[in-house]
Each structure stands twice: as structure tokens, then as C-alpha cells.
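Have the sequence and the 3D view open as you read.

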Amino acid sequence: ILLTVILLLICTCAYIRSLAPSLLDKNKTGLLGIFWKCARIGERKSPYVAVCCVVMAFSILFVQ
């Protein structure tokens, strides 16, 4: 469940930053800086995030 939450957070933050970059870029530090960091991870490590999403989907559909 934790992996699902983290992946959804990363994907959501990256998507929001692609639509409205100023929304996340003004909060680079503090508690809201977590969302900016998640967006950066989603942008920089997108192949790895995509593979993790596929593995998560496979495990939800076929393992559980």
C-alpha cells in the first residue's frame, strides 16, 4: 500500500507541475517542498517510475 501511495504522489505531482509549474516551484522548501521533490523525481526518473507503476498494476491485478 505504501508503494501505491508513493507512486501516485510522484505521478500526480509531476502531472500538476506539467500543467502549472509555478504552483509547485514556489514551494521548494518546507513541508510543501515534498511535493516539489516528488515532481522532480517524476520528471527525472520517469522510466523507473513507469516500470514501478507497471509492476504495481500487475501485482494488484494478478497477485492479490
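I6 is partly exposed, because its relative accessible area is 39%, and the cut-offs put buried under 20% and exposed over 50%. I6 sits in helix α1. Follow the chain 32 residues on from I6 and you reach C38; the two C-alpha atoms are separated by 8.8 Å. The model behind these values is predicted.

**The chain as a whole**

How many helices and strands does the protein chain have? The secondary structure comes to four helices and zero strands. Along the sequence the pattern reads α-α-α-α. The C-alpha atoms fill a box of roughly 40 × 20 × 15 Å, taken along the principal axes.

The protein chain has 64 residues, and 20% of them are buried. Its accessible surface comes to about 4900 Å². Carbon and sulfur atoms account for 74% of that surface. Now consider contacts between residues at least 6 apart in sequence. Of these, 53% join residues at least 24 apart.

**Helix α1 against helix α3**

Helix α1 covers residues 2-19, and helix α3 covers residues 33-44. The two pack at an angle of about 90°. Their axes are 7 Å apart. Angles of 65 to 115 degrees count as roughly perpendicular, so α1 and α3 are roughly perpendicular to each other.

Which residues make the contact? From α1 come L9, I10, C13, A14 and R17. From α3 come F35, W36, C38, A39, R40, I41, G42 and E43. By type, the residues of this contact divide into nine nonpolar, one polar and three charged.

The table pairs residues by their place along the chain and gives the C-alpha distance for each pair.

| Pair | Apart in sequence | C-alpha to C-alpha |
|---|---|---|
| I6 and C38 | 32 residues | 8.8 Å |
| V49 and L8 | 41 residues | 9.9 Å |
| K37 and L24 | 13 residues | 9.2 Å |
| S22 and V63 | 41 residues | 40 Å |

Take V49 next. V49 is found in helix α4. Is V49 buried or exposed? At 10% relative accessibility, V49 counts as buried, because buried means under 20%. Leaving out residues up to four places away in sequence, V49 touches L7, I10, C11 and I41.

K37 belongs to helix α3. K37 has 49% relative accessibility, so K37 counts as partly exposed. L24 lies 13 residues from K37 along the chain, and their C-alpha atoms are separated by 9.2 Å.

S22 is in helix α2, which spans residues 21-25. With a relative accessible area of 56%, S22 is exposed. S22 and V63 are 41 residues apart along the chain, and 40 Å separates their C-alpha atoms.

**The aromatic pair**

A pair of aromatic rings is described by the distance of the centres and the angle of the planes. The count here comes to one aromatic pair. The ring centres of F58 and F62 are 5.1 Å apart, and their planes stand at 50°, so the pair is tilted. The cut-offs explain the label: planes under 30 degrees apart count as stacked, and planes over 60 as edge-to-face.

F62 has 60% relative accessibility, so F62 counts as exposed.

Conventions: Residues numbered from 1 in each chain as written. Predicted model: local features only at pLDDT ≥ 70, side-chain atom pairs only at ≥ 80, totals over all residues. Heavy atoms only, no water. Axes fitted to C-alpha atoms, helices over the stretch in contact; angles between N-to-C directions. Parallel < 35°, antiparallel > 145°, perpendicular 65-115°, else oblique. Contact = heavy atoms within 4.5 Å. Nonpolar A, V, L, I, M, F, W, Y, C, P; charged D, E, K, R; others polar. Buried < 20%, exposed > 50% of the residue type's maximum accessible area, 1.4 Å probe, protein only. Areas by Shrake-Rupley, 256 points an atom, 1.4 Å probe, with all protein chains shown as cover. Phe/Tyr/Trp six-rings, centres within 6.5 Å; stacked < 30°, edge-to-face > 60°.
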